[in-house]
Amino acid sequence: MSDIKNEIKKRRTFAIISHPDAGKTTLTEKFLLYGGVINTAGSVKGKATAKHAVSDWMEIEKERGISVTSSVLQFNYGGYCINILDTPGHQDFSEDTYRTLMAADSAVMVIDASKGVEAQTRKLFKVCAMRHIPIFTFINKMDRDAKDTFDLLDDIEKELGIPTCPVNWPIGSGKAFKGVFDRQKKEVDLFSDTRKGTSMGEVKKVAINNPEVDWLIGTEAKVTLEEEIELLDGAAAEFDQDLVDKGELSPVFFGSALTNFGVETFLQHFLTMTTSPLPRMSDHGEIDPMKEEDFSAFVFKIQANMNKAHRDRIAFMRICSGEFDAGMSVYHVQGGKDVRLSQPQQMMASERKIIDKAYAGDVIGVFDPGIFSIGDTLTTSKEKFAYEGIPTFAPEHFARVRQVDTMKRKQFVKGINQIAQEGAIQIFQEYNTGMEEIIVGVVGVLQFDVLKYRLKNEYNVDIILENLPYEHIRWIENEDIDLDRVSGTSDMKKIKDLKDRPLLLFVHEWSIRMTQERNEGLILSEFGRS
Ligand code: GDP
């Protein structure tokens, strides 16, 4: 195999998804500890400052100590080159969070053992499921009182509709959490000496039929474990790599990111079960990184104004085939011309650094003079293919935008279009109301503040946002539909996007189904085309 293929083969590019506070940051930090990037966990500063270091590009971030955009962490472990795509959560949850999943080859879903599946996990899971990528479950916080283990698995299967296959099984929970039982190897992995999670600690592996286990975990715990294993062997799905690859079976692991219990065990299993960079669909068919030699990539995120003095933009792209060389000239398919990719950057742990080589599976950020859009393809291939576009994700918050000074219409239109093009917001127009105002939709409410701030600071335009009560949006997929004739519920509003495509807004989720029932043949979609 060529050197390039070897480099690609060892790459593992994934996102960690979770509901806020389930432990995503802690788990990521522990991965870095085992990857040797940091020596002592906890040394990656406080959460706010760590994120700060990555992207303190905007006043809003500084004021609130949060990060508006996501980043990528790269490190090596066990012969693999790992790219963790950070998906922003909390208030900074936005379309970027979803788009980042489009760049991942698999996902790790972190679940709080005392809470089970939560709202944000459910949303992010949906996007992963749409792409049929492998999804791994790490049930975290086993050092706290956890829900019954079988109930947790049931919860995942029912709530998310994916069968699970526990690769290991917890031995006790809360203060009595001692370790995990490895179902394949039939041994118990007992953890100790992690110094409250600050060091890697020791793992003691003992075969389950070794009498030593009795006094190591206590007879009572062993009896419980054996009973549970027996029950599990009869009830749980068998491990099947094919189903895992298709995202139809989620391998489950248990542990505690805080105390490091089960983190390395998880990492090791996960790296062998997950995939190297996957082929991607283009308008010339599938592009497989193990076959295609030429460089190709698609833009999945655009970050504006990282440097206020220059007011520049960084386009983040996922390399899908071949090798990237700093300063190389590539064809920008949507722009129809060659461009030089300058100032390529990559994140190493939480530092940004200029790189000169990258491979399929990696994510790089390049200087964007304002020519790239989300979903654009770049390639050195003679074929000039374009990757499948990135869907538009359903905003959940809507507001009507009013300009304070109507004389500044031109700046306003330019600014709002530019910000929409970067993908921070989605803009819509009224339908048949006679109103000229623009309706803005966002995935995370913070984007409203970002919009206001940026219009003021970059375009010198003041706006007033009038919140609208809608929470659900559906794109109408029918080719030729007369929007006048769609009869909906009283909480429904008809709008159009800027390309005059019809959409519906709803206050209540149940109204969507009612509207569907009232209009035979109406096809509503949760994802839009850009
Ligand atoms: P994120 O919002 O998903 O990134 O969650 P964090 O990693 O910031 O964790 C949220 C809180 O849960 C923090 O106070 C962590 O110290 C704590 N936490 C994370 N993992 C564990 C764990 O395994 N056990 C316990 N007890 N607490 C944890």
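**View 1. Helix α2 (residues 24-34) contributes three residues to the shell around the ligand, the most of any element.** This is a predicted model, in which local features need pLDDT of at least 70, side-chain atom pairs count only at pLDDT 80 or more, and totals for chains, interfaces and linings use all residues. Residues are numbered from 1 along each chain as its sequence is written. Helices (H or I, at least four residues) and strands (E, at least two) are DSSP runs, numbered from the N terminus. The ligand is surrounded by 17 residues, the closest being Gly 23, Lys 24, Thr 25, Thr 26 and Leu 258; a residue is near a molecule if its C-beta atom, placed from the backbone, lies within 6 Å of it.

**View 2. Lys 408 occupies the loop between β25 (397-403) and α12 (409-421).** Lys 408 is partly exposed, because 18 other C-beta atoms lie within 10 Å; a residue is buried at 20 or more such atoms, exposed at 12 or fewer, and partly exposed in between, with C-beta atoms placed from the backbone. The C-alpha atoms of Lys 408 and Val 461 are separated by 6.9 Å, although these residues are 53 residues apart along the chain.

**View 3. Strand β30 (residues 492-497) pairs in the antiparallel sense with strand β26 (residues 426-430) over three bridges.** Two strands pair if DSSP finds at least two bridges between them. Gln 429 stands opposite Lys 496 in β30.

**View 4. β30 also pairs in the antiparallel sense with strand β31 (residues 502-506), over five bridges.** Here Met 492 stands opposite Phe 506 in β31. Four residues lie between the strands of this hairpin, where Asp 500 takes a positive phi near 65°.
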